[in-house]
Amino acid sequence: MRISRLRTRVMVFLVATLLVVELCSFALVNASGSRNATAKVEGELEVGQRVFERLMHENAQVLSQSARILTADVAFREAVASGDPAAIAAALANQEQQIGAGALLYVDLAGRVVAGTLEQGRVPREFEYRKLLERATITGAATSIEVVARHGWQLVAIPIRASPQSGWVVIGVAVDRGFARDLRQLTALDVSFFAEGLGAGGEGWTSVASTLDAGGDNELRRQLPLLSIPDGTHIVSIHDADTQARLISLTTTGGRRIVAVLHRPLSAALSASDRTRTDLILLAFLSLVVAVVGSVWITSNMTQPLNSLAHAAARMAAGDYSAEVDVQRADEIGSLANSLDHMREGIAEREKRLLTLAYQDQLTGLANRAQFSELLSAAIAAARPGTDTVAIFVMDLDRFKYVNDTLGHGVGDHVLRQVAGRLVNAVPASGCVARLGGDEFAVLLTGVAATTVVDCAKTLLAALEKPVLYEGQPLDVGTSVGIARFPQHGRDAQTLVRNADVAMYVAKRNKSGLAIYNAYYDSTQQEHLSLLGELRRAVEHNELQLVYQPKVSLVSSNVSAAEALIRWTHPHKGTILPAHFIPFAEHTGYIKVLTRWVLTEAIRQCGEWLGTGLQWQVCVNISGRDLMNRDLPQQIAALLAEHCVPAGLVCLEIAESGFMEDPAHARKILERLSGMGLRLAIDDYGVNHSSLSYLMNLPVQELKIDRFFVGGIVANPDLSNVVRSTIELGHHLGMKVVAEGVEDGDAWNLLEALGCDDAQGFFLSPPLEAAALVEWMRHHDGAHRRNTSVTSMRGRGA
């Protein structure tokens, strides 16, 4: 019989199910019998506990009555009044015979046993259970089960009522094997008494009395931790038989702990369920015979049509959806056959649609990443060795996130569709345009077109330079393109796409529009990764320092301020200029740490200058990421207060591109900084694409013309006109205009003629350390006026 066949599995399932049910029934009945037996014994233990407690109470009443008789005895009272221990002991011995007590003790008011019939050789001594005496004084009589002379005793304490009270009488009856046997006769239960701490080490349990033999008593003693919950029943093993036990705590005065354990074997209570188990076994055998016969008949009627359905499903699994499912039945199997046939038709239709969806981007209609990867892999496999017949480029829209976040995803989708259309029109017919995801696109060029991939990339850049219109509003997105060729830049599709992506980010970072992959880019990225750790170490180990370049008035030649510039002295690489690590710090977000360090050091230096009487303004560059920091104003305010520097002596210079990442938030931060009294300047003006209308509304007092324009104003009239217009614009907006990168006297004179306010550059002075700047200022500040010669001005920068 093959277990893989459905018929066999159904038969096995039915028989196994019945067998499981019968086993479960047997287990339930057996468990029920065990529970009933346990419940019966538990009830007997509860009754036994009540009888035990009643017996203990009656014993206490008898002992209390005997103790009161003793305290009323004239001879005993006279002996107590005499204070003679011998007389008291004689009186106690006489009464012990009369009342039949196992122990009699007289305890004085100091808590000492003066005389007694128990351990007569240990008197006088301290009575061990003072709380029993205290309870007796309060209630008139107190009882407890305690250990005296290493034996268990039921004790009753009675105060001797005299004026004043002269002590207590303690009377006791032994808790021994005879006491346990008497209890078994009353309850039909075994009982054992145990005391804690009677062993040699003062720890563990010791048997006091028991109805069990020595072996059973020891087994029960070892299992006492299992009976930790008083008034609850537990199963223990005594002589390899399950026994139900109930623990009763007897100690009530805080002395040595004594417990009683009532217990009874379960074997007698379980005997009634044995006949029931025998009947169940016979019934289970007959049921299995019937189940086997019935399962054979049922499965033979099911398997034939199911085999036909299985063959039909196998054809569909192989991709053949042409043959109909031919099973004609009126039952559930027939319904299954009809459903399977409808499913065959539906799958055939959906497979056609899925084939399109799997390889097409639904928003733009372009090929998606999966299709692009397959086409690229096929092109690589078909490429001839040693020929440039396969090339790709990956592009990413430059300002798409700003459009998406500002105008919404609907506008973003419109932009993506427009970009897709322009790319399709600009790429040769043999190429493939794909959308990889988000705002990232890719182009595959093969054959002759692959040799002109750079020209094609420039064509795409030109096609996307024109703004995308949305409801008449122009949206400028732009793009950056990364180029990779096969086999120079990768021998598989994944490597080519990755390297093109790396080149694309290089083009985006350099604002060059396009870049061809170079292995240097990978090493540069690895260098940047290590650079982050080194930069952190540089901040922690004081490898950074500030130098200061003076800013000189073109009108008076006075030094109006000094710009703080960061330098990094690497222990192995020497001096590292900011251009090599500042862009990386901005990209990783570590620029905030550097800015905080520069602000701290520059404001500290300004405060130090103030202390020597030098009131110079210090200028600090901050990035657009710093303007996203809501805590920047509070941090600067704390530094100003710490170093006692007026806010007007600090000027923050922000590149105009830094305003545009989140204009609304940047404006709020700038207004808070301006409200503190800080001066604000727009740095590198003219090299980016910020909105002039937005800059007009910023709370800035200074406009710095980028060195790109200043460096060529003498030789290039167009640049001169741009600088003139910028100066006039700044003055009309109420801003002070500063020219950066003044390298010669001709530029100085032309800027002076154009009405520029201040200048800085190597013609005046290179960046200097703080001490060198102070020395330079003492020799040159205000020493030259407008008629100063170019030669003398050059000497200022020497």
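A crossing of two helices is left-handed if the near helix is turned anticlockwise from the far one by less than a right angle, and right-handed if clockwise. That convention is needed at two of the stops below.

**Before selecting anything**

This is a predicted model, in which local features need pLDDT of at least 70 and side-chain atom pairs count only at pLDDT 80 or more, while totals for chains, interfaces and linings use all residues. Residues are numbered from 1 along each chain as its sequence is written, and side-chain values use heavy atoms, with hydrogens and water left out.

Display the whole protein in cartoon form. It contains 26 helices and 27 strands, where helices (H or I, at least four residues) and strands (E, at least two) are DSSP runs numbered from the N terminus. Of the 798 residues, 45% are buried, that is, under 20% relative accessible area with a 1.4 Å probe and protein chains only. Among contacts (heavy atoms within 4.5 Å) with a separation of 6 or more, 61% are between residues 24 or more positions apart.

**Stop 1: helices α19 and α20**

Select residues 632–643 for α19 and residues 663–675 for α20. Their axes come within 9 Å and cross at roughly 20°; axes are lines fitted to C-alpha atoms, for helices over the stretch in contact, and angles run from 0 to 180 degrees between N-to-C directions. The two helices are therefore roughly parallel, a term for angles under 35 degrees. Their crossing is right-handed.

Now show side chains. Leu632, Pro633, Gln634 and Ile636 of α19 meet Ile669, Arg672 and Leu673 of α20. This contact comprises five nonpolar residues, one polar and one charged. Here Ala, Val, Leu, Ile, Met, Phe, Trp, Tyr, Cys and Pro count as nonpolar, Asp, Glu, Lys and Arg as charged, and the others, Gly among them, as polar.

**Stop 2: helices α23 and α24**

Move to residues 717–732 (α23) and 745–754 (α24), which pack at about 45° with their axes 10 Å apart. They are therefore oblique to each other, the class left once angles under 35, over 145 (roughly antiparallel) and from 65 to 115 (roughly perpendicular) are set aside. This crossing, too, is right-handed.

On the α23 side, select Ser720, Val723, Arg724 and Ile727; they meet Leu750, Leu751 and Leu754 in α24. The residues of this contact divide into five nonpolar, one polar and one charged.

**Stop 3: the mixed sheet**

Next, find the open sheet of five strands in the order β13-β14-β12-β17-β18, with mixed pairing; two strands pair if DSSP finds at least two bridges between them. At its edges are β13 (432–437) and β18 (514–516), each pairing on one side only. The twist from one strand to the next averages 20°.

Within this sheet, highlight β12 (residues 390–397) and β17 (residues 479–486), which run antiparallel and are joined by eight bridges. Ala391 stands opposite Arg485 in β17.

**Stop 4**

Finally, select the open sheet β8-β7-β11-β10-β9, five strands with antiparallel pairing. Its edge strands are β8 (205–210) and β9 (233–238). Neighbouring strands are turned by 35° against each other on average, direction ignored.

Strand β9 and strand β10 (residues 241–249) run antiparallel and share six bridges; Ile238 stands opposite Ala241 in β10.

Methods. Buried < 20%, exposed > 50% of the residue type's maximum accessible area, 1.4 Å probe, protein only.
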